[in-house]
Amino acid sequence: MKTLVIYDSVFGNTEKIAQSIAAALDTNAIPVDKVDAGQLRDLNLLVVGSPTRGFRPTEGISKLLNRLPKNNLAGVRVAAFDTRIVLETIDSKALRFLVDKGGYAANTIAKILEKKGGRLATPGEGFFVTGEQGPLKDSELERAAEWARKFQL
Ligand SMILES: Cc1cc2nc3c(=O)[nH]c(=O)nc-3n(C[C@H](O)[C@H](O)[C@H](O)COP(=O)(O)O)c2cc1C
């Protein structure tokens, strides 16, 4: 079974989550700027993750996915994750409200993956950081591995 984990990361937190997921799935996590189109062929399972920045995935992840030809992921099981900030750590009430309502990268990634023909193996999942640059909340690496094992088959 060919499985791939693709991620982007600015401060390194999403990279850690991606590596934990990849280890659970017995595969590698590849940063988005190192992915070539050939790696996205003949997959059984594709997992894609990004930090949530401005309510959406990074430009690198969005571009890679949007550029995929239509039906490129037909027959592929897909899953999306993001990292996001713990709401309670945001001091400004107005900003907290915006972040809460603004949406998260995993939902956008999942939608694009489905648009390209992928079949969602599980709903998008978010993993938490406790500050803008991290660190990850306790136990998120373990939770990520558990999340992956559930849809691994
Ligand atoms: C410019 C910027 C925008 C952000 N926007 C959001 C957001 O909309 N929602 C959210 O939950 N977290 C937001 N965050 C926090 C990021 O999710 C956090 O930096 C990220 O999870 C860290 O992952 P990384 O270490 O892989 O870059 C933002 C952070 C930055 C720096």
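Angles under 35 degrees count as roughly parallel, over 145 as roughly antiparallel, 65 to 115 as roughly perpendicular, and the rest as oblique. The model is predicted, so to speak of local features takes a pLDDT of at least 70 and side-chain atom pairs count only at pLDDT 80 or more, while totals for chains, interfaces and linings use all residues. Residue numbers start from 1 along each chain, following the sequence as written.

**Helix 2 with helix 4**

- Helix 2 (residues 59–67) packs on helix 4 (residues 105–115) at an angle of about 15°, and their axes are 9 Å apart. Helices here are DSSP runs of H or I with at least four residues, strands are runs of E with at least two, and both are numbered from the N terminus. Axes are lines fitted to C-alpha atoms, for helices over the stretch in contact, and angles run from 0 to 180 degrees between N-to-C directions.
- Helix 2 and helix 4 are therefore roughly parallel to each other.
- Their crossing is left-handed, a term for a near helix turned anticlockwise from the far one by less than a right angle, with clockwise giving right-handed.
- Ile61, Leu65 and Asn66 of helix 2 meet Ile109, Ile112 and Leu113 of helix 4 (contact: C-beta atoms, placed from the backbone, within 7 Å).
- The residues of this contact comprise 5 nonpolar, 1 polar and no charged. Nonpolar covers Ala, Val, Leu, Ile, Met, Phe, Trp, Tyr, Cys and Pro; charged covers Asp, Glu, Lys and Arg; the others, Gly among them, are polar.

**Helix 1 with helix 5**

- Helix 1 and helix 5 (residues 140–152) pack at about 40°, with axes 8 Å apart, and are therefore oblique to each other.
- The crossing of helix 1 and helix 5 is right-handed.
- Residues of this contact divide into 8 nonpolar, 1 polar and 3 charged.

**Around the ligand**

- Phe11, Asn13, Thr14, Thr83 and Arg84 come nearest of the 21 residues around the ligand (near: C-beta atom, placed from the backbone, within 6 Å).
- Helix 1 (13–24), strand 4 (77–85) and helix 3 (93–102) each give two or more residues to this shell.
- By class, the shell holds 7 nonpolar, 10 polar and 4 charged residues.

**The loop between helix 2 and strand 4**

- Pro69 sits in this loop, and its C-alpha lies 29 Å from that of Arg84, 15 residues away in sequence.
- Gly75 is also found in this loop, with its C-alpha 9.2 Å from that of Leu45, 30 residues apart along the chain.

Methods. Contact = placed C-beta atoms within 7 Å.
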